[in-house]
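Notebook open, viewer loaded. I'm jotting down what I look up as I go, beginning with a term I'll need.

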2 protein chains.
Amino acid sequence: MAQDKRKQVSQITDMEADFAQWFTDVCLKAELIDYSSLKGVFIYRPYGYAIWENFQKILDGMFKATGHENVYLPMLIPESLLQKEKDHVEGFAPECAWVTYGGSEELEERYCIRPTSETLFCEHYAHIIQSHRDLPKLYNQWCSVLRWEKTSRPFLRHREFLWQEGHTMHATAQEAQEETERMFNIYADFCENYLAMPVVKGRKTDKEKFSGAEATYTVECMMHDKKALQAGTSHYFGDGFARAFNITFAGKDNQLHHPFQTSWGVSTRLIGGLIMTHGDNNGLVLPPKVAPIQVVIIPVAQHKPGVLEANRALLERLQKAGVRVKLDESDNTPGWKFAEYEMKGVPLRLELGPKDMEQNQCVLARRDSGEKTVVSLDGLEDTVAQMLEDIQKGLYQRAKANLEENTYPCATLEEVKERMAQRGGFAKTMWCGDLACEMRMKEEAGVSSRCIPLEQEHLGDVCACCGKPAKHMVYWGVAY
Amino acid sequence: MAQDKRKQVSQITDMEADFAQWFTDVCLKAELIDYSSLKGVFIYRPYGYAIWENFQKILDGMFKATGHENVYLPMLIPESLLQKEKDHVEGFAPECAWVTYGGSEELEERYCIRPTSETLFCEHYAHIIQSHRDLPKLYNQWCSVLRWEKTSRPFLRHREFLWQEGHTMHATAQEAQEETERMFNIYADFCENYLAMPVVKGRKTDKEKFSGAEATYTVECMMHDKKALQAGTSHYFGDGFARAFNITFAGKDNQLHHPFQTSWGVSTRLIGGLIMTHGDNNGLVLPPKVAPIQVVIIPVAQHKPGVLEANRALLERLQKAGVRVKLDESDNTPGWKFAEYEMKGVPLRLELGPKDMEQNQCVLARRDSGEKTVVSLDGLEDTVAQMLEDIQKGLYQRAKANLEENTYPCATLEEVKERMAQRGGFAKTMWCGDLACEMRMKEEAGVSSRCIPLEQEHLGDVCACCGKPAKHMVYWGVAY
């Protein structure tokens with residue numbers, strides 16, 4: 001029975017015909033995720049969770065190397081605490097899930113399940129920060145958060161999702177701004193050098209920034225269907241929350257001051273980004289640096305004498321070389337195995353059968369290009385390492401080409417409207433900075449501002465919408 | 001200001017005068033934990049969380065080495081799902097926190113925040129298990145759970161706490177029983193060989209077993225105050241949940257069968273156990289294998305030329321040798337630093353000043369014994385490694401002696417009552433197996449059954465309570 005189910009593993013929707021359905025198919029057939037009985041809440045299956053564990057390991061290393069410490073704060077926020085910062089509560093209260101009973105007793109105050117933890121961190125910081133000697137505080141938390149949204153899609157929009165949230169406090173505005181930038185650069189580094197997802201780095205417009213933040217920085221990626229994905233954000237809060245929560249410290253001048261704050265986060269929606277950046281009609285394609293299995297070994301004619309033993313010897317060799325490698329000895333056919341690990345996006349497949357053994361060679365098949373190469377077993381470790389590196393680079397270059405080919409300047413709203421309808425992607429225009437023009441761009445061209453890129457270009461002197469003097473160059477697109 | 005606060009770091013309650021207050025003092029002053037504004041919910045501070053991260057790393061490695069995979073399931077359980085297994089809901093419903101509103105809308109069905117996830121795993125397993133080829137399923141989850149209890153203590157009883165919960169499904173009862181035992185042995189190994197906490201391995205009586213389980217295995221530890229701590233449990237469920245949740249698989253015989261189930265967990269209460277096993281009147285004492293900082297380097301006369309450089313050179317040497325080492329270059333006095341890292345239980349302190357430098361030596365001070373040794377800087381890496389090993393062993397032996405000296409046989413309930421009042425610890429008696437005698441032991445001697453040890457001793461032929469023929473030898477004690 002299970003065997004029969006698995007034979008259908010490669011039957012997924014064509015990505016050019018229906019990208020959304022293709023995406024859902026990949027999530028389910030690669031066994032990344034499953035539906036739960038709660039609308040909008042998903043189960044992270046072992047293979048999907050293993051990808052997240054790889055993200056965690058890399059990011060956590062980067063956070064610790066820059067002096068951050070992990071903590072764990074409560075999952076429940078008293079309603080009165082959430083209400084302390086006005087903009088923040090307006091942004092989040094509509095999508096909070098509320099706990100009203102503990103056991104059989106109705107609670108005197110409602111608690112929401114954290115949609116994000118700024119308020120909890122502020123309350124804790126008010127308790128533990130007294131002196132300039134207590135600063136900076138560089139905390140991070142790995143946890144799940146809950147937002148009671150109306151619509152959902154695997155990885156991209158869950159009511160409950162896994163993420164990390166950094167929350168830091170600093171003695172000066174400058175230090176906090178540097179921290180905001182540091183973490184935003186770490187996200188860009190992670191996306192580009194591990195996920196092979198090229199990014200556009202920029203600042204959000206006031207309309208798009210985080211509830212309660214003074215500034216939000218973002219890394220924006222382009223998916224295969226040319227839509228945008230906000231991959232990670234880093235916020236600078238000034239001392240707004242610190243004032244609202246009455247957090248003070250005695251400075252070197254012996255006066256009381258409010259500290260300056262940041263927060264920053266990435267979530268499992270990055271896995272959605274990975275799928276939509278690199279996947280193809282055979283399923284998932286994973287960059288080697290984050291793939292749970294980097295090489296799968298598939299024995300050919302495994303019933304013949306000596307074949308399994310020779311395959312196991314290669315398994316051991318590659319394990320010793322630090323490769324994440326799996327040998328599939330199951331009694332499924334090689335054809336079934338090929339399809340299975342293609343669906344799961346394993347970067348490299350190694351085939352070894354009796355004929356290869358005679359000639360001291362094996363076959364390596366690349367998931368990204370499908371290319372098959374016969375290689376010598378001598379120095380196999382180096383060959384594999386080199387090929388994994390080539391795949392990692394190749395995926396990045398392909399995604400980079402997609403981003404560059406589909407980012408184009410436009411002089412007017414009309415041009416944005418026309419070209420966006422034709423080809424999607426990112427339109428870049430000059431902008432006066434007014435909300436009205438941003439709203440008009442949304443209403444008439446169907447795009448939102450992705451960011452004000454840090455690397456500004458001068459495309460002209462006037463706003464593409466209203467013709468008034470321009471302040472910034474902005475990227476526009478349709479976002480997930 | 002902060003400086004002044006810190007000077008009081010060593011002012012904790014005497015552990016012999018008031019063990020409970022000593023424990024709370026250590027939790028707060030070693031900066032392991034903080035109170036939140038929610039009653040019974042605590043904040044895991046960086047130092048406390050770092051201990052948990054070390055536990056996670058070791059246990060996760062053990063779980064994966066035995067074929068387990070991590071997953072993440074929802075934090076919310078629909079009320080109807082929780083009610084599917086009768087014993088289970090009776091055990092947990094009274095301490096559930098209930099979500100009744102999503103945003104501004106009242107929900108049609110209430111959801112509880114998971115107090116444990118058997119029901120969620122069963123629902124998922126019903127979805128993904130069809131064939132004997134899908135078994136075994138060996139899943140584990142790292143998460144927080146919530147139990148709305150009336151009383152609370154740091155680490156020992158939180159309304160919200162961090163834990164891992166393994167949930168596995170097997171084709172046969174025997175395989176599931178073997179899994180229950182395997183995980184229970186992993187917990188015993190972890191407690192003894194990493195936490196330096198000797199354990200008594202046994203089975204819970206029917207009264208004390210987990211709601212819905214057929215059998216619960218436990219590792220029981222003895223704290224410094226001679227009370228018991230249940231350190232980890234492993235449950236065998238038979239096919240009870242599988243029947244309640246209609247989980248079936250097609251066997252090799254092409255018939256439908258119900259799979260057999262286990263679950264097992266340890267939580268951050270183990271940190272409480274660690275504190276209460278090894279701590280002393282100077283604060284925390286951590287076994288080197290789980291200490292976030294294994295060696296702290298404290299420069300003596302650090303303002304003198306060359307001292308800081310020489311200390312930094314040692315930092316680098318020990319880091320290269322794989323030691324978790326910290327150099328405290330702050331401008332606090334050495335005396336303050338000594339007290340601070342003693343409070344935090346750092347196993348080994350290294351002091352290096354100008355005189356030591358002249359003689360190519362340094363001072364090593366053991367946290368467990370207070371013993372100071374002058375050692376050569378030649379081969380320092382080996383000396384440190386050896387001393388850390390000695391500390392690890394010494395802590396275990398001291399705890400083992402405490403356990404052995406305070407475990408004693410009793411022939412009658414009267415004897416249990418008398419000796420328990422005098423000295424606490426574990427009383428071991430023969431028992432007929434009847435609930436009535438177990439209840440009487442609780443009412444009259446104030447002790448609960450800790451376990452029916454796997455290593456049974458023959459202490460006599462009759463039950464210590466009723467004089468009827470005995471079935472088992474049981475350990476009794478007062479438990480956290």
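Before anything else, my contact rule: two residues touch if their C-beta atoms, placed from the backbone, lie within 7 Å. Helices (H or I, at least four residues) and strands (E, at least two) are DSSP runs, numbered from the N terminus.

**Ground rules.** This is a predicted model, where local features need pLDDT of at least 70, side-chain atom pairs count only at pLDDT 80 or more, and totals for chains, interfaces and linings use all residues. Residues are numbered from 1 along each chain as its sequence is written, while chains are lettered from A and ligands numbered from 1 in the order in which they are written.

**Entry 1, a helix on a sheet.** I looked at helix 10 of chain A, and it lies across strand 15 (295–299), strand 16 and strand 17 (348–352) of chain A. It runs at about 170° to strand 15 of chain A. For angles I use axes that are lines fitted to C-alpha atoms, for helices over the stretch in contact, with values from 0 to 180 degrees between N-to-C directions. Helix 11 (residues 334–343) of chain A also packs on the sheet, where it touches strand 15 and strand 17 of chain A. Its direction makes about 170° with that of strand 15 of chain A.

**Entry 2, the sheet itself.** I traced an open sheet of five strands in the order 16-15-17-18-19 (chain A), with mixed pairing. Pairing here needs at least two DSSP bridges between two strands. Strand 16 (325–327) and strand 19 (372–376) of chain A stand at the edges with a single partner strand each, so one side of each has no neighbour in the sheet. Direction ignored, neighbouring strands of this sheet are turned by 25° against each other on average. Strand 18 (residues 361–366) and strand 19 of chain A run antiparallel, joined by five bridges. In that region I found Leu364(A) opposite Thr373(A) in strand 19 of chain A.

Which way does the crossing of helix 10 and helix 13 of chain A go, left-handed or right-handed? It is right-handed. My convention: left-handed if the near helix is turned anticlockwise from the far one by less than a right angle, right-handed if clockwise. The axes of helix 10 (residues 307–320) and helix 13 (residues 380–405) of chain A come within 10 Å and cross at roughly 65°. Helix 10 of chain A brings Leu314(A), Arg317(A) and Leu318(A) to meet Leu380(A), Glu381(A) and Val384(A) of helix 13 of chain A. By class that contact has four nonpolar, no polar and two charged residues. For the classes, Ala, Val, Leu, Ile, Met, Phe, Trp, Tyr, Cys and Pro count as nonpolar, Asp, Glu, Lys and Arg as charged, and the others, Gly among them, as polar.

Strand 22 (residues 448–453) and strand 23 (residues 472–477) of chain A pair antiparallel over three bridges. Cys451(A) stands opposite Tyr475(A) in strand 23 of chain A.

I count 48 residues from chain A and 48 residues from chain B in the contact. Strand 5 of chain A gives the largest share of chain A's side, six residues. That side divides into 26 nonpolar, 13 polar and nine charged residues. Strand 5 of chain A pairs with strand 5 (residues 97–102) of chain B in the antiparallel sense over five bridges. Trp98(A) stands opposite Tyr101(B) in strand 5 of chain B.

I checked how chain A lies on chain B: a turn of 180° and a shift of 0.0 Å along the axis give an RMSD of 0.0 Å. That is the relation of a two-fold axis. The superposition is least squares on the C-alpha atoms of residues with pLDDT of at least 70 in both copies. Of chain A's residues, Val99(A) comes closest to the rotation axis, at 2.1 Å (C-alpha). The copies meet through the same surface, because 100% of the interface residues of chain A are also interface residues in chain B.

Most residues other than glycine have a negative phi, and most peptide bonds are trans. The bond from Leu135(A) to Pro136(A) is cis, with omega near -5°. Pro136(A) sits in the loop between helix 6 and strand 7 (137–146) of chain A. Phe155(A) is not a glycine, yet has a positive phi of about 65°. I place Phe155(A) in the loop between strand 7 and strand 8 of chain A.
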